[in-house]
Structure formats: C-alpha cells, structure tokens
Amino acid sequence: MPSPSSSSRFDAGPLNSNPPNVPAPAGGSAHDHAPAQPSGLRKSYTVSSSHSSTSDFERGGDEDNGAGPSGERTVRFSAPNERTSLLSRERGHGTFTAADRKATMSPANASDVDSLPGFPFDTPTDTDLDFSAYDSEPASPANGEGPASGKPPKKRKSWKRHLSSRITTQKINTSRHLARRHGVKDTPGMYLSYYLPVLVWAREYSWSYFKGDFVAALTVAGMYVPMALSLADNLAHVPAINGLYSFVWNPLVYALLGSCPAMIVGPEAAGSLLVGTVVKASVDLGRGGDEDRVLHARICGVVAGMAGAIVFAAGVARLGFLDSVLSRPFLRGFISAIGVVISVDQLIPELGLNHLVAKHPGVGHGSSVEKLRFIFGNLDKVHTLTAIVAGTSFLVIMVCREIKRRVQPRYPGVAYVPDRFLVVVLSAFLAYWFEWDKKGVAVLGTVEAASHQTFKFYWPFQPSNMQLMRDSMGTSFLIALLGFFESSVAAKSISGSEPFAGVQLSANRELVALGAANFVGACFMSLPAFGGYGRSKVNKATGGKTPMSSIILSLLTLFTILFLLPYLYYLPKPVLSSLISVVAWSLIEECPHDITFFLRLRAWPELALMSIILLSTIFFSLTLGMAIGVGLSLLQVIRNATRPRIQILGRIPGTNRFENAEFFTDSPNDRLEFIEGCLIVKIPEPLTFANTGELKSRLRRLERYGTNEAHPALPRLRQEDSNKNIIFDVHGVTSMDGSGTQVLEEIVRGYRERGVRVFFSRVPGGKDSKESEVWRMMEKSGIVELVGGEGHFVSDVGDALKMTEVEGEE
C-alpha cells in the first residue's frame, strides 16, 4: 500500500470488478451499528491518494490536491450481483496479472487511462462501434467557422453512420468489442452467416457427405411420401397432392434457414387432423360441400399460411421459449386424444363403410363416440376384401416396425429397409393385377391439383379469404404451437456432433425457419409442415448429416409429382388408412408410461388434466378438448406466476445463517431460532404487477401465524408484539415495475402508521450503486424516506438485527 504522500494512484478498474482488500480508515465507520465484516454487496474502501473524490476515469489524468490524511477519499465498488454481465470476465473484470497489479499502483498519465482493462466498455468510441467516419467539411468564413475564423469546424454525421447507429444493437456492440479484443475479424458476413446457415454449410460441404445424404433422402422419401398422401386425403380432407407439396417446398426452405442440419420437415398427423377440423367446420357452416376440392385446398393454404406467419412472427420477436408454455400433461393428453380420434376415423374406410357415411350426415363430422356407435351398428355391412387389405397392411407394417426396433441395435442396416414403401408398391401392383377397384376396394385414383394446374401460386391472405382466416385463427395458432414443440423436441434429440461447427441450434432461428417454410408452402396450398422426430431419426440413422438430404428429398418429391403420379392410380385407400393407423398407434403408445409415472408421483392435477382433455375430445370434439386444455394450462401458468413466494426466516442455532422456517420441523434437533419482536421476511423474486396482488394478504398471514400454510380461519397465533420490527430480505428482488413498487410502498406505509420499524436487507446493487433499478424505484417512490432514510438499508440480516437492538434501546 503506498504512503499517503505518494503520487501513485489506486486503479479502481471497472465498476463491477472485485476490489482488493484495503483496510478502512482509522476513524471507523460512520454508523455505530455497521458490522465488523460488512457484506460484499456494499463495502467501503478508503484509499490514500493524491486525488480528490473524483474518479480517475472522469478526470482523465493526475492532479495533485495535497497529501496526507486530508487527501483520503472513499471509493465504493459494486460487487457482482444478479445484473452483472456474464461477459464480465471477458471485459477484464478480475483478470489482472501480477504485472497489471504492479502497473496500477504506479503513476499514470492521462493517456494511460485508455489502456486500462475494460475501459473501452465504459466509454465506447466511434472506432469501437465500427461506425463510418465523420464527414468533416470546413465551414465557410461567413459562418464564423473554419480555419479562417480560428474556430474548429463542426463535424457532421454521415448518413452511413446514422443508419448504422439505428440498426446496431448492444449485443452487436459487445460482440465487436470482444472480436477486437481477441483478434477476431468482425465482418457483416459473420452475422449474416449466423442467420443464413446455408452460407456456412454450403461453403464447407464435401462430396463425402453426398452418398449418405442421398441414401437417407431416398429412404425417407420411400417411407414418408406415401404417408403425405394419406395425411392429405384421409385426415386433412384436401387433395392428396397438397400433402406432397409439403415435401417439396418446406424441406427446401428449411435447408436454407434451419439450424438443425439433420432434421426433416414434413406434414404431421396432428396438424393434418386439425386442418381437417377446419375443413369440416367450413362445410358445416355452408361455405362449401364435401366434394368442393378447390375450397378445401384454399383452406389448407390459409391455415398453413397463418400458422407460418404466427411462427415467423414469434421468431422475430425472440419467443423461442414458447415451447415451454404448454405443460407435458397437456401435450400428452392432447396428443393421445388425437391418436384415439385418428384411429376411430380410419376404422370407417378400413372397414369399407365410406359409402354408408353419406346416408348419415352427422357421422362424418361427429364425435369419436358417435362414429364408434355407427361402426358397431353396421358391422354386418363391412366390406370383407377392404378389411382384409387394411388389416394385412397394418399387421405387416407393425411387425416390421417391431423387428426394426429390436434388431437395429445389433444390425443398423435394417434402418435402410423401406417397409412402408414396399407395402405401398406391392399393394398398388396387386390392386392393378387383381382389379380390386372393380371388387369394391377404393383406390386413390387420379392425383392432381384442385385447380388442374400443378404448382399454381395462390396468395393465402387475399381479402376474399378473410372469413376463412377468422374461422381458422385458433386452430392455426395451436398447429403452430404443437408444430414448434415437436420440432424443438426433435432438434434437441438429434442435435450434436454436426459436421459444421458454424451452425448452432437456436430456438428463435428455428421459429423463423419453420415460419418461412410454411409461409412459402402455403403459397402453393401445402399442408402445414414441421420437424418430426421419427423422420429425422430415420434420416440421421441412414447417413443423412447435412441439410443436403432435405434438398434431395425435395427433388425426389418433385420428380414423383412430375412423373410418378399416374402409377399411384391403383394405390388402395385402405392401405393409406393403415399407414395413418400406425401413426395413431405411435401417438397413443407413450400415454400408459406417462400415466404410470404420474400415478407413482401421486400427481393428481396432471392426471386430471390429461383425463379431461382425453374425455372431452373423445365424447365431444377435438376443438373443445383443445380449448379446455389450453385454458386449463394457461390458468395453471397464471396461478403459478401470480402467487407470491415470500418466506419467513429463522436463524439456525449457533450460526449466522437464516433459512426458510417452513422447511424445518418442530423436533428439538431440527428447530430454528426466532428473534423476539422481529419478523424476517424474504422476498425471493422480482416484484411485478403479476405477483403483488396477494402480497398484502400473504404478509398478513405470516404476521398472524408465522407460515403461509395455515388456514385463515384459525385465531391469531403470533402476538402483536412479535412484529415490532419487520426485516425484508430483498436479495432476490432483481427488478420492480411500477405496480409492484406501489404495492410495496403501501405495505411499508401501513407498517409505519402502526409504529412498526421497517428495514431492508441486501438490496440488489446497494444504495451506493446509482445504477441499481431497485434502489432507484425505492427512492423515487418514497420508500427510503418512509422507513427512516438510507440507514435502514443494510448489507445483511444480521446487521438489521443489530439495528433493531440499537433503535429499540433508544
């Protein structure tokens, strides 16, 4: 430590850096109640220096203001807290070497300030921000400026610098500083490559990947292109070719924008079924008939476009956390309900009862219970050959699926066997050879667009579609939410060990990519398409490592549409229904595991939510089950968000530690000490309008009973004298909004009017940090003045207890 008379100075460093241990002045603290070892949240350090109290950063150089004790100044540091930047260590915080420490205690010139670690982050310069240079033009002598007048010319910002300052964010500024510090070249292309991953993987793509990508795309096409036909024709009730469009445009766009190289985007059973509900609702409302293919295709495009727009907007708004809004019980209950609905729907074409549905108009658009009643009432009219074809196809696919599941760990090559494609080709050949269509078996027939023009562009957001958009708004939102949830699960499950280090998985970029893909597909009236775990797993298992497999899949589907559709004429519809039934089985088979798990945990609310969604969907409709499930999930989220989590603290005997009293029992070996006349309340979360509504009633319950678990019907258990002093431990209150501050001010005012002393412990940032949002809100709202000034804001609970003793004696 330098002597008081030395001209050296103490380098404060960045405001968030950890100060060295400097002894306090001999005069002692300004407050008698200050602890011997004050908390690190608010320490005072007195440093002998030739400077006045002005910071070196503000002065820009050394000035000699005298030496000795009179020149002592108090420098306060803000220790790292919840608001401290995660990049603090990169910015030089706490990274001094021995040479740095030696240098900071030596005399420094004004020019040395710029070289201090972390200094450029405090005062960024134009060069730091990488702006264009100022356009300086000498003013004319008539203006009294310029060289002729002796006055320095004014500098005007160029339009390039003005535009850059408008679009540059704080995160980009920080990234530029870090790049310069570590010698990394900072270019616009680096940021563009992050948002357009194709610029990364296309540059690094090697032909060694092509074989695996091609084989994987061929395998996925053989298994899932027939599935797209089934989803469109049997679930969405739109022309079958619209399902193929989803494998042309969506994988192609996702390959350019997506951040998960191995994920394959395509139509899903849940989304297709929801599109079918919109189609049926439009028919019920009299906007078209069951055979109006043009209207059904338009509805498909509108739903896909709205779902894409919702997902895209969520990505731009950085709402990648939306996949956590819906609870696991809701998703499991809803997906299982969809599986049951799909299974019952497919039983009608699998049994050859389609021709009877037209005679019972309420059955086709009715609930699953009504369809089951219809099926059991017409078992004597089942078409035998149709049932045999459907049952055999379903059995073969399920057996192959089980064999793959058991054999694949030992023989990975079985994943390449396109069992579904073989079933489709063989059934189509048998239907042609044995003329099943003339024996009553329904076949796919001619596959063509509703407008008779392949790949006709149709803008989905035309004014004439406004009524359709209103009808499908809620369903489109649910399709977007479910699609993104399944995509995020698939991306997280298959991500890792990607060949391109520059492509990083990002939830927000996934939203943008999926939204753009569906938006482009909607312009050609494709089904909504999102990432699927099954498809993506097959793609990765068969050698697909890069987005090129998605592009090859798009090309293969395009080839199918242009050249192979006539060969699908004799494809039996019962086989397509059996493909859908296999998907429905996979949706249901995980439900028993979840039910068993929740039963073991005795998680009755989760089981009740699953049961309500499942029963309401089966007995009424998919729309009602969806609405009830979303409503109950949102109510649960709101309930958890608005419930205050305040705690009453007690001291562990023999220590200075304070713990939540509700975690301890009344046994002699597990008991806390409660200080007479003091109520210590911990608020472990930010105070906002959402969670302060019940704060007063919760505090009142703590005052009366000492716990939040007591029923309010009990008489008062804690005496009034037990609440002479209220100590709020607000270390967890990292932020406060206006409503939360107002409620806290009313609480404090009520205590003061009753003569209760109020203390605040561990305010984030501390009263000495002028940048602390919490302290600023307390000061402006009058809370600081109400409690008796800054002296009632201390560094820890122990200091607050000492102050209660001091003020109690007074």
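Student: Let's start with R698: which residues does R698 touch, not counting residues up to four places away in sequence?

Tutor: A contact means heavy atoms within 4.5 Å. By that rule R698 touches R643, P644, I646 and N708. Keep in mind that this is a predicted model, where local features need pLDDT of at least 70, side-chain atom pairs count only at pLDDT 80 or more, and totals for chains, interfaces and linings use all residues. Residues are numbered from 1 along each chain as its sequence is written, and side-chain values use heavy atoms, with hydrogens and water left out.

Student: Is R698 buried or exposed?

Tutor: Buried means under 20% relative accessible area, exposed means over 50%, and partly exposed is in between (1.4 Å probe, protein chains only). R698 has 12% relative accessibility, so R698 counts as buried.

Student: Where is R698 found?

Tutor: In helix α27, residues 695-705. Helices here are DSSP runs of H or I with at least four residues, strands are runs of E with at least two, and both are numbered from the N terminus. An α-helix has 3.6 residues a turn, so residues three or four places apart point the same way. In α27, the buried residues are L695, R698, L699, L702, E703 and Y705. They pack against β7 (647-651), β9 (678-682), β10 (725-729) and α28 (738-753). Just after α27 comes G706, with a positive phi of about 80 degrees.

Student: How do I read a nonpolar core?

Tutor: Think of a set of buried Ala, Val, Leu, Ile, Met, Phe, Trp, Tyr and Cys residues joined through side-chain atoms within 4.5 Å. The largest one here has 110 residues, and F334, I338, I342, L444 and L527 touch the most other members. Helix α8 (residues 210-236) gives the most to this core, with 13 residues. A second, separate core has 34 residues, including I652, A661, V758 and I783.

Student: Which residues does I338 contact, leaving aside its neighbours within four places in sequence?

Tutor: I338 is in contact with A270, L273, L587 and L622.

Student: Okay, let's zoom out. How many helices and strands does the protein have?

Tutor: There are 31 helices and 12 strands. Of the 810 residues in the protein, 47% are buried. Also, among contacts with a separation of 6 or more, 79% come from residues 24 or more positions apart.
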